[in-house]
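Dear colleague,

I am passing on a structure that I would like you to look through. Please open it first, and then read my notes below beside it.

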Amino acid sequence: MYGAILAKVIIVLVAFPVIGHATFTILTLLLSPVLPSVMALAANWSEPLGKAMTAATLLVAAATSFGVCRRLWPTVIARASVPEAPGSLSRL
């Protein structure tokens, strides 16, 4: 019981922020060479476009982190509560 709670705490406090930060950093590093050429074309829209690009990168990083942490989340595997058919071999 405590193992599942500890795993959930570690996922929430460690894995989610680390994965989110790493994804944001990688995306920012990949998009930074493109940013000056886009800003030159945008002229008057350069500041709002920069903020929008940062917000979009943050949303992608959060979604990626959520997807990975959802896969890491421990689940309880319960046995099916379907009654066994008479004469089944599962009791052997």
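A term to begin with is pLDDT, which is the predictor's confidence in each residue, on a scale from 0 to 100. The protein averages a pLDDT of 84, and 82% of its residues score at least 70. Where pLDDT is low, the predicted coordinates should not be read in detail.

This is a predicted model, in which local features need pLDDT of at least 70 and side-chain atom pairs count only at pLDDT 80 or more, whereas totals for chains, interfaces and linings use all residues. Residues are numbered from 1 along each chain as its sequence is written, and side-chain values use heavy atoms, with hydrogens and water left out.

The protein has three helices and zero strands, where helices (H or I, at least four residues) and strands (E, at least two) are DSSP runs numbered from the N terminus. Among these elements, H1 has the highest mean pLDDT (92), while helix H2 (residues 35-42) has the lowest (81).

Of the 92 residues, 12% count as buried, a word that stands for under 20% relative accessible area, with exposed meaning over 50% and partly exposed in between (1.4 Å probe, protein chains only). Leu 6, which lies in helix H1 (residues 2-31), is exposed because its relative accessible area is 51%.

Finally, among contacts (heavy atoms within 4.5 Å) between residues at least 6 apart in sequence, 79% join residues at least 24 apart.

With best wishes
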